Amino acid sequence: MHSTGDDGECFNLKAQLDEDEGRRKTKEVKTTALPQIDATGKLMDNVLRQAFVFPAALGDPNAGPDDYIVLRGGLQYTTSINV
């Protein structure tokens, strides 16, 4: 059997737990109302860029049949940021 003091302590503990739960629920509702922000960033270093090999005669009529031009495609570094 509980004494009067024990019942008072149980009531205070229950009231404290109810108050804490109310605060948590209030915080949860407030955070869902705020705008959500998501940000990502990316930096790429294309060490080996795509190479295109063409006969040099396409750009230079004096080039020999074994002369070639190498053109590199793309960029060395690329960045992107998304918010």
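Reader: Why does Asp18 count as partly exposed?

Author: Asp18 has a relative accessibility of 37%. Buried means under 20% relative accessible area and exposed over 50%, with partly exposed in between (1.4 Å probe, protein chains only). The value for Asp18 lies in that middle range, so the residue counts as partly exposed. Please keep in mind that this is a predicted model, in which local features need pLDDT of at least 70, side-chain atom pairs count only at pLDDT 80 or more, and totals for chains, interfaces and linings use all residues. Residues are numbered from 1 along each chain as its sequence is written, and side-chain values use heavy atoms, leaving out hydrogens and water.

Reader: What makes the contact of Lys14 and Asp18 a salt bridge?

Author: A salt bridge is a side-chain nitrogen of Lys or Arg within 4 Å of a carboxyl oxygen of Asp or Glu. For Lys14 and Asp18 the N to O distance is 3.1 Å, so the pair meets the rule. Lys14 and Asp18 are 4 residues apart in helix α1 (residues 4–33), which means about one helical turn separates them. Helices (H or I, at least four residues) and strands (E, at least two) are DSSP runs, numbered from the N terminus.

Reader: How many salt bridges does the structure hold?

Author: There are 4. Among them is Glu19 with Arg23, at 2.5 Å from N to O; these two also lie in helix α1, 4 residues apart. Salt bridges that share partners join Glu19, Asp20 and Arg23 into one network.

Reader: Are Glu21 and Lys25 buried, exposed or partly exposed?

Author: Glu21 has a relative accessible area of 33% and is partly exposed. Lys25, at 49%, counts as partly exposed too. Glu19, at 41%, is likewise partly exposed.

Reader: Which elements does the protein have, and how do they run?

Author: There are 1 helix and 4 strands, running α-β-β-β-β from the N terminus on.
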